Amino acid sequence: MLLERTNKQLKKIYKGIEKYCKDCDLCCFTYGWIMPCEESRYSKITNLISINKKVTCFDSFEENKFGGKCLEKIPRCKFYRSRKCKIHQIKPFDCLLYPVKVLYHPKKRRYSVVLSLDCPYIESLNKEDREYLKRQIVSFFSSMPEKIRKEYFSLVRDWEGITYRKEFESLEICSFSEDEIKLA
Ligand code: SF4
Ligand code: SF4
């Protein structure tokens with residue numbers, strides 16, 4: 001219920017993005033990270049993989065010749081087919097959040113909330129609309145339910161420790177210290 005409400009807020013913030021996502025081929029190269037509160041939902045429809053007993057994601061990995069998973073290669077999500085998300089109506093929080101990403105900086109123990117400038121939807125916004133979107137995102141993170149904020153930020157922190165970050169052009173919207181997030 002909490003998550004549904006939060007996801008609904010994101011859909012409202014990005015109202016109109018579908019037009020740009022239709023047939024866009026830039027997204028969905030991702031591990032497909034799943035928060036603990038989402039696991040039961042997605043385990044019913046697909047295989048999930050737990051990495052280092054810390055983070056969980058869809059099993060979209062390519063296999064090597066010995067049948068092992070190529071964990072080091074960022075896969076294309078298994079639900080991306082015919083240039084569309086096949087689970088569009090129920091996509092995970094991390095997917096709904098995009099074109100906003102949260103990045104963790106271990107040395108500073110800080111999280112940056114950034115806007116991906118490579119996204120055609122973001123490129124289409126004029127200065128005024130982009131500023132409005134930034135304000136909405138700041139407000140979204142400020143009022144995010146504590147349980148979801150903690151689960152999502154700790155997921156971000158943990159995956160940062162085991163994966164290579166993709167390079168992309170971005171703009172920081174706001175940031176939080178580890179203490180502000182109050183992770184256990
Ligand atoms: S890059 Fe932007 S427009 Fe393209 S699919 Fe992703 S969110 Fe949609
Ligand atoms: S679940 Fe859908 S939106 Fe998310 S990465 Fe997969 S195809 Fe893309």
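1. S82 sits in the loop between β4 (80-81) and β5 (84-85), and its phi is near 50°, a positive value in a residue other than glycine. Helices (H or I, at least four residues) and strands (E, at least two) are DSSP runs, numbered from the N terminus.

2. This is a predicted model, in which local features need pLDDT of at least 70 and side-chain atom pairs count only at pLDDT 80 or more, whereas totals for chains, interfaces and linings use all residues. Residues are numbered from 1 along each chain as its sequence is written, while chains are lettered from A and ligands numbered from 1 in the order in which they are written.

3. N52 also has a positive phi, near 55°, and is a residue other than glycine. N52 belongs to the loop between β2 (48-51) and β3 (55-58). With 10 C-beta neighbours inside 10 Å, N52 counts as exposed.

4. The strands on either side of N52 take part in an open sheet of 3 strands, ordered β1-β3-β2 with antiparallel pairing. β1 (33-34) and β2 stand at the edges with a single partner strand each, so one side of each is left without a neighbour in the sheet. Between β1 and β3 the antiparallel pairing runs over 2 bridges; two strands pair if DSSP finds at least two bridges between them. I34 stands opposite T56 in β3.

5. The peptide bond between Y98 and P99 is cis, with omega about 20°. P99 is placed in the loop between α4 (93-97) and β6 (100-105). As background, most residues other than glycine have a negative phi, and most peptide bonds are trans.

6. A residue is near a molecule if its C-beta atom, placed from the backbone, lies within 6 Å of it.

7. Around ligand 2 stand C27, C28, T30, G32, C77, F79, Y80, C85, I87, K91 and C95. This shell has 8 nonpolar, 2 polar and 1 charged residues.

8. S143 lies in the loop between α6 (127-142) and α7 (146-160). S143 is exposed, with 10 other C-beta atoms within 10 Å. S143 and T6 are 137 residues apart in sequence, yet 9.7 Å separates them in space, C-alpha to C-alpha.

9. Overall, the protein chain holds 8 helices and 8 strands, and 21% of its 184 residues count as buried. The C-alpha trace spans about 55 × 40 × 35 Å along its principal axes. For 184 residues a compact globule would have a radius of gyration near 16 Å, and the 16 Å of the protein chain agrees; the radius is taken over C-alpha atoms, and the globule rule is 2.2 Å times the number of residues to the power 0.38.

How values were computed
A residue is buried if 20 or more other C-beta atoms lie within 10 Å of its own, exposed if 12 or fewer, and partly exposed in between; C-beta atoms are placed from the backbone. Ala, Val, Leu, Ile, Met, Phe, Trp, Tyr, Cys and Pro count as nonpolar, Asp, Glu, Lys and Arg as charged, and the others, Gly among them, as polar.
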